[in-house]
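Subject: Structure handover

Hello,

Here is the structure I promised to pass on. Please open it next to this message; my notes follow below.

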Amino acid sequence: MKYLFKSYELEGLSLPNRFVMAPMTRSRSANGVPDILTERYYSQRASAGLIITEGINVSQQATGYLFTPGLYTEDQVEAWKRVTNAVHAEGGRIFAQLWHVGRNSHVSLQPDGAAPVSSVDRRPINVNAYAWAMPGVPGNVETSQPRALRTDEIPAIIAEFVAAGQRAMHAGFDGVEVHGANGYLFEQFINGELNTRQDQYGGNIDNRLRLLLETIDALSKAIGAEHVGVRISPFGRLYDMHPYDDEKQTWLTLAAELGHRKLAYVHLSDQRTIGADCETEFFVDFRKSYPGTLIVAGGFDQESAEAALMAGKADLIGFGQPYIANPDLVERIANGWPVAQAQRETLYGLHGARGYTDYPIYSPEVETQ
């Protein structure tokens, strides 16, 4: 049997295979509330060993893109209940990715038009938010000038993640993933070039990791560490993230800290090559420092995924865009069927079913007619 199709025990959650549907923003939720198409979208892809949702905003302040869903109102909780019920009815398993974009936002998305928040008050260069270009007209606009969070405001950010995690479990999710990757809020604190704070959340490695680790610890206490995962992107350069002197040591310190916490998993997103590279010295060192379940995502195909699993360099493999056009990706790869390509023009935005739930499952009979 190929490694991709072997089962896996994820802290008490049995996965039938090693495929993970990686989180992908689709901007399909009008008013921030999932709808019947969201139910259909995720339930169509329930043959994945594990589904991780698109980023879910933990508050209005956390939002950086129009039409992205949240988990901070009762309407949102009830809508997500319908999604998780639909996925479970198809035999699937689903984690909610909890998200705060930090400075990557625009005043039109913020409560009362306030400034976005971050570790410091530095605006990212050449970074856009999908926001209101003018009233009623969505578009890509330059991010707004952020303000630095005060030290006494940080506990409220952590509390928002905890509340969203509790709502996620109430909504029937199997767990949550903290979005610590891709230049969003947590990475804005972790990055030593950006974070020049003078309090306990800035400066040395331990201080820069503090917000992420305090959030993970608070979530673990509230819902159980076995229900908590985290996604990170070491050496990521998205959204004006820059190199810094102790970068490698920062990520290896985080790996060791996460290894002490008995989480559901750590999810590595590889941005350096836009393709998984499990042979680098850093990756080998990370794997030694973090002994728990490791998901790796970034440009895998069947061959490279099998090689990573066989060598024990990953336990589960994340697939992103292939899942957009292939709700039956597991079955296609298992049978050697062709993998369809997504329509780029419908990747984001309110297009109804088009480019979202209208991708067909593969039928050999139709193909041969």
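At what angle do α3 and α5 pack, and how far apart are their axes? The angle is about 35 degrees, and the axes are 9 Å apart. Please keep in mind that this is a predicted model.

**The α3 and α5 pair**

The crossing of α3 and α5 is right-handed. On the α3 side, the contact uses Ile154, Ile158, Phe161, Val162, Gly165, Gln166 and Met169. On the α5 side, Leu211, Glu214, Thr215, Ala218, Leu219, Ala222 and Ile223 meet them. By residue class, the contact of α3 with α5 divides into 10 nonpolar, 3 polar and 1 charged.

Both helices also lie on strands. Helix α3 spans residues 154-170 and lies across β5 and β10, at about 160 degrees to β5. Helix α5 spans residues 205-223 and lies across β5, β10 and β11. Its direction is about 160 degrees to that of β11.

**The barrel**

Now the strands themselves. There are 8 of them closing into a barrel, with parallel pairing. The order is β3-β4-β5-β10-β11-β12-β13-β14. From one strand to the next, the twist averages 25 degrees.

- β4 (residues 50-57) pairs with β5 (residues 94-99) in the parallel sense, over 5 bridges. Isoleucine 52 stands opposite phenylalanine 95 in β5. Asparagine 57 stands opposite tryptophan 99, also in β5.
- β5 and β10 are parallel too, and pair over 4 bridges. Here glutamine 97 faces glutamate 177 of β10 as its opposite residue.
- β10 and β11 run parallel and are joined by 4 bridges. Valine 176 has valine 228 in β11 as its bridge partner.

How many residues of β5 are buried? The count is 6 of 6, and the strand is mostly covered. Both of its faces are covered. Ile94, Ala96 and Leu98 are buried on one side, and Phe95, Gln97 and Trp99 on the other.

β10 has 5 of its 5 residues buried, so the rest of the structure largely encloses it. Again both faces are covered. One side holds Gly175, Glu177 and His179; the other holds Val176 and Val178. Gln97 of β5 is buried, and Glu177 of β10 is buried.

**The α1 and α2 pair**

Helix α1 covers residues 36-44 and helix α2 covers residues 74-89. Their axes come within 8 Å and cross at roughly 30 degrees. The two helices are therefore roughly parallel to each other. The crossing is right-handed.

Thr38, Glu39, Tyr42 and Ser43 make the contact from α1. Trp80, Arg82, Val83, Ala86 and Val87 make it from α2. The residues of this contact divide into 5 nonpolar, 2 polar and 2 charged.

Most residues other than glycine have a negative phi. Two asparagines here deserve a check on your side.

Asparagine 31 has a phi near 60 degrees. It sits in the loop between β3 (19-21) and α1. Asparagine 182 has a positive phi of about 65 degrees. Its place is the loop between β10 and α4 (185-190).

Which is buried and which is exposed? Asparagine 31 is exposed, at a relative accessible area of 75%. Asparagine 182 is buried, at 14%.

**Arginine 354**

One last residue. Arginine 354 is in the loop between α10 (329-335) and α11 (364-368). With 43% relative accessibility, arginine 354 counts as partly exposed.

What does arginine 354 contact, leaving aside its neighbours within four places in sequence? The partners are Arg28, Gln343 and Thr346. Glutamine 343 is 11 residues away along the chain from arginine 354, and their C-alpha atoms are separated by 9.3 Å.

Over to you.

Best wishes

Technical notes
Residues are numbered from 1 along each chain as its sequence is written. This is a predicted model: local features need pLDDT of at least 70, side-chain atom pairs count only at pLDDT 80 or more; totals for chains, interfaces and linings use all residues. Side-chain values use heavy atoms; hydrogens and water are left out. Two strands pair if DSSP finds at least two bridges between them. Axes are lines fitted to C-alpha atoms, for helices over the stretch in contact, and angles run from 0 to 180 degrees between N-to-C directions. Contact means heavy atoms within 4.5 Å. Angles under 35 degrees count as roughly parallel, over 145 as roughly antiparallel, 65 to 115 as roughly perpendicular and the rest as oblique. A crossing is left-handed if the near helix is turned anticlockwise from the far one by less than a right angle, and right-handed if clockwise. Ala, Val, Leu, Ile, Met, Phe, Trp, Tyr, Cys and Pro count as nonpolar, Asp, Glu, Lys and Arg as charged, and the others, Gly among them, as polar. Buried means under 20% relative accessible area, exposed over 50%, partly exposed in between (1.4 Å probe, protein chains only).
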